[in-house]
Every structure is written in C-alpha cells, then in structure tokens.
Amino acid sequence: MQQGEIELRAFGPDHIEGAVALSRQENWPHRPQDWRMALQLSSGAVALDDRGQVTGTILVTPYGMDCAMINMVIVDRAMRGKGLGRRLMEKGFALAEDRPLRLVATTDGMPLYEKLGFVPSGTILQHQGQVAELGAPDGVEAAGIDDLLEIKALDRDAYGADREALIDALSERGQFAVIRRNGAIEAYAAIRPFGRGEVVGPVIAGSADEAKALIGFFAASRGGAFLRVDTDSRTGLAGWLAEIGLAHVGGGVTMDRPSNRSARQARPKVYALANQALG
C-alpha cells in the first residue's frame, strides 16, 4: 500500500477496537477500558487504510498549558518504514499547540523522536508480577473524596504541570492513599485496574521510604494479585520492587521536547510513573 492511501483522522470512540488490536500486536496489556481512559484525557489521531482499518495511533494528553504527554504512538508493523510515524508525530505537535512535550520512548521509537527534537531525560523501569504477602505499613491511610483538592495541589507542585483531569479520572476508577503530617498531605499514590490486574501510579513522595510505604499500602491488601509499577530508575526502588514479587520486565526512556516557553518547574520529589498513569 502506498503512503498516500493512508488517511489521518481524529481519534474517536469508534476507533478503540482497532487501537486495541494494534496494542495487542505490540504485546501491550491495554484493555478497551484502558484505551477509553486515555482517550477521555486526550485528543489524538488514527491512521486508516483504504479499508478503514486502524494502522496507527497517537494520543496527546494536555496538562493545562504547562506541558503535554505524547502517548500510545503505535504503527502497524506492516506499515513501518514508510513515514507514517513521522506523520502521526507531526499531527501530535499540532494538537499540543505550544506546550512543551514529554513522552516515554521505546528503543524502536527513539531515533525518530531524537530527529524531531526530543532529548533523553531519564529511564523508566517497568516492574510487574504477583505481589508477595506484606504487612500493612504504618503512617499511610486511604484518601477520601475531600482530599482530592489537596492531592491535586501536591501533584501540581511536584510534577510541574496541572494534572487535575488525570486525578479526577483516577478517582473515578481507583483509589488513593496518602501520608499526612500535622494534618497536611505530604505524599500520595493512586491505584486503578489496568491490563492483567492493577497499576500503581502516580506516586508522589519525598523519599524512597515514603514511596515504598505508599506502594506497600496497596500491596498489603493484594497478596498474590497482579500489580504493575513503573518507576524512574533514579528513585532506587527497583531492588525493593523485585523483592516484593514485581520483576523488572522492561521499560523505556523519558524524553522532553521544549517549546518556546518552559514548563513549570517541579519541586524535587521521588515519584514512580506508570507512563503518567496512562499505560
């Protein structure tokens, strides 16, 4: 098929089935529900062949005007090497407008992203498996609906962007845990159904010990269940995650593409990412 026969259209709910098929081709665990959550938070594009089948996807998740995440960039294996990935990325740039961009790259995707101005900024380690039996940690409690405003403020300060819509979506589907000091929330984590089980993330904490306590809070009530946690390699959590049954199974490289204006500066925090909790 010639590249000119591929049409790019706005990503809509009717494209979910084709997107799921593409992600399964990559052995990604995303269910239709996971794609729907990502689409709820994003705008995007699909590439359609002359039969109307989805041959490529891209989602752009804006966090206010502070930055945007490029997510779910997939090109059908039969269509690779024909410039479709670049077309999808150029569409993503248009959807992001003037926001600084962030993404998590696979090894295959890195050469294109580097050509498009992205610069490596870190390494994500994906851990998953059946969690060991753990005791509940001290100092962590389940969060309530009244805590969401404070969680959003903490997240915005630590991440350097407004992820209010993401936190609302997580509250609709999952749970939050928090660490308080003197009545104020100092750290938080979220968990929600995803793929083969559940995924923990984001985790915003001031130390590795706090991050372990937050993850352990969820793990303690899920002995033997399938959990996934994606963590920045600099957090030092990888060894502990393996000890509790979550093996290192892969990961990616975080990359940034600045715009004409800089993203808001984040306050230094330890945080474990699950592709910014989308996939």
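Guide: A residue is called buried when its relative accessible area is under 20%, exposed when it is over 50%, and partly exposed in between, using a 1.4 Å probe and protein chains only. This is a predicted model, where local features need pLDDT of at least 70 and side-chain atom pairs count only at pLDDT 80 or more, while totals for chains, interfaces and linings use all residues. Residues are numbered from 1 along each chain as its sequence is written, and side-chain values use heavy atoms, with hydrogens and water left out.

Visitor: What percentage of the chain is buried?

Guide: Of the 279 residues in the chain, 51% are buried.

Visitor: Is Glu164 buried, partly exposed or exposed?

Guide: Glu164 has a relative accessible area of 36%, so this residue is partly exposed. Glu164 sits in helix α6, which covers residues 164–173.

Visitor: How many helices and strands are there?

Guide: Helices (H or I, at least four residues) and strands (E, at least two) are DSSP runs, numbered from the N terminus. Here the chain has 8 helices and 13 strands. Its radius of gyration is 19 Å, close to the 19 Å from the globule rule for 279 residues, so the chain is as compact as a globular protein of that length. That radius is taken over C-alpha atoms, and the rule is 2.2 Å times the number of residues to the power 0.38.

Visitor: What share of contacts joins residues at least 24 apart?

Guide: A contact means heavy atoms within 4.5 Å. Among contacts between residues at least 6 apart in sequence, 74% join residues at least 24 apart.
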